[in-house]
Amino acid sequence: MKTLQDYIDKLNSLNFKEMYNNDFFWTWDKTDDELEAVFTVADALRFMREHNISTKVFESGLGISIFRDNSTRTRFSFASACNLLGLEVQDLDEKKSQIAHGETVRETANMVSFMADVIGIRDDMYIGKGHTYQKEFMDAVTEGNKDGILEQRPTLVNLQCDVDHPTQCMADMLHIIHEFGGVENLKGKKLAMTWAYSPSYGKPLSVPQGVIGLMTRFGMDVVLAHPEGYDVMPEVEEIAKKNAESSGGSFTKTNSMEEAFKNADIVYPKSWAPFAAMEKRTNLYGEGDFDGIDKLEKELLAQNAQHKDWACTEELMKTTKDGKALYLHCLPADITGVSCETGEVDASVFDRYRIPLYKEASFKPYVIAAMIMLSKFENPQDILKKLEVKAAPRIME
Amino acid sequence: MKTLQDYIDKLNSLNFKEMYNNDFFWTWDKTDDELEAVFTVADALRFMREHNISTKVFESGLGISIFRDNSTRTRFSFASACNLLGLEVQDLDEKKSQIAHGETVRETANMVSFMADVIGIRDDMYIGKGHTYQKEFMDAVTEGNKDGILEQRPTLVNLQCDVDHPTQCMADMLHIIHEFGGVENLKGKKLAMTWAYSPSYGKPLSVPQGVIGLMTRFGMDVVLAHPEGYDVMPEVEEIAKKNAESSGGSFTKTNSMEEAFKNADIVYPKSWAPFAAMEKRTNLYGEGDFDGIDKLEKELLAQNAQHKDWACTEELMKTTKDGKALYLHCLPADITGVSCETGEVDASVFDRYRIPLYKEASFKPYVIAAMIMLSKFENPQDILKKLEVKAAPRIME
Amino acid sequence: MKTLQDYIDKLNSLNFKEMYNNDFFWTWDKTDDELEAVFTVADALRFMREHNISTKVFESGLGISIFRDNSTRTRFSFASACNLLGLEVQDLDEKKSQIAHGETVRETANMVSFMADVIGIRDDMYIGKGHTYQKEFMDAVTEGNKDGILEQRPTLVNLQCDVDHPTQCMADMLHIIHEFGGVENLKGKKLAMTWAYSPSYGKPLSVPQGVIGLMTRFGMDVVLAHPEGYDVMPEVEEIAKKNAESSGGSFTKTNSMEEAFKNADIVYPKSWAPFAAMEKRTNLYGEGDFDGIDKLEKELLAQNAQHKDWACTEELMKTTKDGKALYLHCLPADITGVSCETGEVDASVFDRYRIPLYKEASFKPYVIAAMIMLSKFENPQDILKKLEVKAAPRIME
């Protein structure tokens with residue numbers, strides 16, 4: 001697209017009115033139009049920033065972040081997105097907070113939200129917990145708003161839960177769209193989401209799940225590959241199947257990395273933990289059985305070690321479409337000989353794809369900002385137009 | 001009130017010129033007019049935010065926060081207030097700072113204040129220390145400003161000291177005013193500030209002290225109830241007595257929770273530590289006698305345990321005015337069966353008052369913002385008017 | 001200067017075009033004109049702030065700070081500078097970040113910089129490491145910008161490395177200029193940068209190095225004094241020599257504090273660690289030889305203890321020019337009888353110079369803001385003029 005009007009025209013052709021005042025939990029809650037609206041607003045915001053047009057739509061307001069797990073990329077992406085729109089990030093650091101033993105999520109949620117427009121939550125540590133926490137939090141602020149406690153209802157951006165990682169996968173997808181020159185060129189393309197060996201055990205399932213739950217919506221042939229036993233949540237596999245059916249693509253599974261890579265246009269090799277083991281871990285944690293957790297960890301590491309051959313090697317890359325499939329990763333990757341002895345990917349492969357990989361990551365701030373805009377403005381087209389007319393420079397000139 | 005002009009008219013009738021460029025340590029330093037000015041500006045700012053009028057009065061400037069004790073509510077309230085006015089919060093985390101062993105408060109105070117407009121300090125850990133620290137800090141910046149080191153003199157918002165918790169009690173009071181339909185309706189109302197059992201010992205005295213120091217100024221009959229030995233600072237009791245005399249209300253004490261609750265219009269049941277024990281603790285701390293502190297803690301827990309019957313039960317609530325006194329708490333409360341086995345309040349009582357309790361908390365950001373405005377602007381009426389005329393939307397529309 | 005136009009005229013007479021889009025590593029990378037431009041913009045920004053003219057030149061954008069060592073003064077100075085220009089600080093706390101073991105600096109640098117305009121880094125812990133890290137970081141973002149990953153190239157403000165501490169020394173120098181009424185009055189003045197005893201060992205070399213690398217450029221007679229063995233980096237001494245030659249001043253060394261103080265117009269007594277020992281320490285650290293580090297520490301403490309007579313006493317101060325040389329320190333100082341038993345300076349000397357010392361520190365936020373402006377704007381004169389014409393008040397009036 002060449003002008004901001006092109007993005008606005010695109011938005012005018014889409015129906016996303018349900019996004020207004022609503023949350024972003026999982027991509028499969030959203031219609032195709034809604035996802036396209038996110039991509040379009042993300043691109044529009046990038047276009048404006050590149051043309052030094054300020055997109056400050058808030059004069060004041062907070063973006064609350066809650067990271068129940070460490071984060072660099074997502075933390076900075078959320079901060080960048082909020083800042084781009086005029087919101088100030090206030091991090092709820094549970095260690096520094098006076099969150100009483102037994103204080104309800106309902107109370108905390110209301111207490112931090114009096115002037116919050118957006119809540120970003122990362123909670124991916126325990127299967128069955130992350131999404132539940134986000135849901136409970138948002139139910140509390142919905143009620144708080146209805147009861148007249150909160151003047152505005154802050155909206156959620158899921159910054160990774162146990163089920164989905166929508167800001168990551170939407171950024172991945174926007175990258176694919178740009179690389180392939182448009183959604184219309186994705187039909188029939190083969191995407192391999194495959195497990196890969198990493199020396200650390202227990203990496204979140206939300207990325208592979210998010211990928212098969214999203215990428216099956218664009219008519220692609222999505223293959224999920226992993227060693228036996230490394231299944232993801234069955235519910236998400238079901239979603240992937242249905243998506244594939246209605247999009248005219250396919251969703252298949254295999255226990256062979258070779259098969260998945262063969263002729264693939266896009267590969268996403270990444271470690272994760274078996275869903276069943278992670279469920280067991282949650283239960284052990286619930287029972288306070290820390291010896292059990294240690295034992296499970298050892299078992300999982302031993303199990304992983306049997307699959308060191310699941311690596312994205314130069315050899316494997318050669319078997320992809322024309323030997324040059326688009327390599328994706330959410331980063332940081334475990335790079336053989338760089339960040340570990342044996343890892344997910346050969347150093348030479350990673351190096352060759354470094355620039356596109358970093359570009360992939362660069363979409364996340366815009367995807368988050370787009371999710372915020374679409375949830376806070378009933379008519380974002382109108383707002384974009386007004387910003388263009390106002391033409392306040394981001395950096396004075 | 002219906003229009004912003006109503007708030008401005010109200011302000012025009014009050015004398016608060018001494019607040020300009022001044023600090024907010026304790027409510028009893030302030031005249032009745034000054035407190036009313038805080039309530040009025042707080043309500044005006046809320047009115048404007050609800051009508052999407054930006055109240056950004058600073059284009060740049062820092063609000064420095066120093067939390068020498070954990071905090072969620074007050075931290076987010078301070079951040080919200082600063083953000084609402086255009087100030088950016090910069091937290092002085094003493095752990096991350098290069099505050100040399102032996103570095104003077106005088107030096108630190110100047111070093112962080114070069115571009116600070118407001119300083120918010122919570123220091124409630126040790127009797128005899130918190131206020132002293134705040135005072136020393138503010139004396140240093142006053143001198144720094146006089147000496148030409150600081151271009152502006154940042155003003156203090158006491159976010160809780162060992163003596164008073166003015167942002168909390170002013171928010172509590174503003175809540176009462178709204179619930180009862182105006183200050184003029186409070187004459188003769190009975191308010192019970194009573195001790196209640198909590199499994200944790202050593203909760204700050206600043207809330208009960210702040211409450212009796214403030215609530216006695218509105219012609220109410222304020223009763224302070226606690227088990228024998230749980231006295232608060234005698235100086236604050238003196239203030240409460242004098243306040244009651246000049247406001248035409250009363251201030252009485254009792255060792256019976258039942259007596260305090262009987263026919264009360266407002267109840268504030270909350271745990272605190274005996275003043276004498278807290279003084280002793282400060283001395284032990286000063287002497288580095290940590291065994292002594294452990295011993296004292298055990299004694300206090302045992303002493304507390306004798307008063308588990310001091311709880312805000314359904315039964316007690318029935319004895320209040322029409323069985324439906326307004327229940328107050330600064331939160332988080334120790335709720336029986338929810339956050340602890342036996343606590344300050346029955347779960348069913350807490351649940352019934354949840355919405356008003358959260359509304360009570362919602363006033364704190366506005367109270368803090370009002371304190372800032374009144375200390376930074378000689379004529380806040382004029383500023384409010386200009387903001388209305390400017391009519392910049394908080395969220396673009 | 002009396003009007004903003006005076007500063008603009010001054011800037012018009014200087015050549016600093018190479019600063020645009022460039023980094024600030026070391027003062028000796030910069031021409032005399034460039035340093036004078038920093039001083040001039042710093043003074044201009046201060047002038048504007050004092051006249052309540054907003055200098056907000058960014059509508060959005062991040063200032064990323066990375067503190068690999070504790071900091072209060074520099075942290076708040078960086079935050080103040082960013083805020084003054086409209087940038088929001090986002091701190092990369094390596095402890096809270098998901099920086100994978102083995103993640104490359106190149107990756108982290110790109111990941112945090114998508115919307116970063118400025119990067120401020122303090123890394124002064126290990127000789128041979130700090131500058132290297134900063135360089136690697138900036139090379140990565142330069143490449144990222146060239147490769148289309150980053151839309152803008154963030155510029156560096158060195159907040160202290162192992163070699164130089166330019167924001168400190170430039171603030172020190174601006175203080176000297178103001179105290180002496182202009183650069184033109186510095187010719188022939190004697191400045192003593194001398195070692196002083198402190199009970200802590202291993203204080204960074206960047207301050208003495210920065211001082212001799214900068215202060216030799218103004219025609220002053222700079223003396224570096226330290227006990228035998230406490231040499232600084234030879235490369236920086238070379239720079240100091242060359243500077244002195246071309247500025248018409250001198251650079252000499254002595255092992256006598258008395259000699260250095262004699263008739264000095266300016267004294268800067270401060271502890272630091274011997275360069276050779278710090279190099280050894282870096283090697284031990286690299287080898288993971290922590291016993292060796294402990295042993296070295298003990299040796300250094302013993303060595304230091306032999307030089308307790310290197311202190312800025314009243315007696316020594318009397319030997320300076322008219323007994324009243326300007327006393328400088330980067331703070332916090334080790335004050336005898338205040339922050340330690342025996343330290344760098346007598347309490348009475350420190351007290352007498354407290355106000356000028358704090359003023360010295362007050363220049364740092366403006367120096368940093370000036371470095372940012374000069375790296376982000378090709379024609380800062382034009383921007384300053386526009387800000388004056390716009391005349392948006394910093395605090396509403």
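This is a predicted model: local features need pLDDT of at least 70, side-chain atom pairs count only at pLDDT 80 or more; totals for chains, interfaces and linings use all residues.
The relation between the chains was examined by superposition. Two copies of a chain are related by a rotation about an axis and a shift along it.

The interface of chain B and chain A was considered next. In this contact, 39 residues of chain B meet 39 residues of chain A. The size of an interface is often given as the accessible area lost when the parts come together. Chain B and chain A bury about 3700 Å² between them, and 55% of this area is on carbon and sulfur atoms. On the side of chain B, the residues that lose the most area to chain A are Phe76(B), Tyr358(B) and Met396(B), which together account for 21% of what that side buries.

Four salt bridges are counted between chain B and chain A. In one salt bridge, Asp117(A) pairs with Arg394(B), with the closest N and O atoms 2.9 Å apart. There are also 13 residue pairs in polar contact across the interface of chain B and chain A. On chain B, at least two residues each of the side that touches chain A are supplied by helix 2 (32-50), helix 3 (73-85), strand 2 (88-91), helix 14 (354-362) and helix 15 (364-376). Helix 3 of chain B gives the most to this side, with seven residues. Sorted by class, the side of chain B that touches chain A has 17 nonpolar, eight polar and 14 charged residues.

The contact takes 39 residues from chain C and 39 residues from chain A. About 3700 Å² is buried between chain C and chain A, with 54% of it on carbon and sulfur atoms. Only 8% of the interface residues of chain C are also interface residues in chain A, so the copies meet through different surfaces.

Across the interface of chain C and chain A, four salt bridges are found. Arg73(A) and Glu107(C) form a salt bridge through their side chains, at 2.9 Å from N to O. A salt bridge also joins the side chains of Glu151(C) and Arg49(A), at 3.2 Å from N to O. Glu151(C) lies in the loop between helix 5 (130-146) and strand 4 (155-158) of chain C, whereas Arg49(A) lies in helix 2 (residues 32-50) of chain A, so the pair joins two chains. Polar contacts across the interface of chain C and chain A number 13 residue pairs. The elements of chain C that give two or more residues to the side touching chain A are strand 1 (62-67), strand 2 (88-91), helix 4 (105-111) and helix 16 (380-390). Helix 4 of chain C provides the largest share of that side, four residues. By class, the side of chain C that touches chain A consists of 15 nonpolar, 11 polar and 13 charged residues.

Within chain C, a sheet was also examined. Five strands of chain C form an open sheet with parallel pairing, in the order 7-6-5-8-9. Strand 7 (250-254) and strand 9 (326-327) of chain C stand at the edges with a single partner strand each, so one side of each is left without a neighbour in the sheet. Strand 9 of chain C pairs with strand 8 (residues 266-270) of chain C in the parallel sense, over two bridges. In this region, Ile266(C) stands opposite Leu326(C), which belongs to strand 9 of chain C.

Key
Residues are numbered from 1 along each chain as its sequence is written. Chains are lettered from A and ligands numbered from 1 in the order in which they are written. Side-chain values use heavy atoms; hydrogens and water are left out. Contact means heavy atoms within 4.5 Å. Buried area is the accessible area (1.4 Å probe) that two parts lose on being put together, summed over both. A polar contact is a pair of N or O atoms within 3.5 Å; within protein, one must be able to donate a hydrogen and the other to accept it, and residues adjacent in sequence count only if both atoms are side-chain atoms. Ala, Val, Leu, Ile, Met, Phe, Trp, Tyr, Cys and Pro count as nonpolar, Asp, Glu, Lys and Arg as charged, and the others, Gly among them, as polar. Two strands pair if DSSP finds at least two bridges between them.
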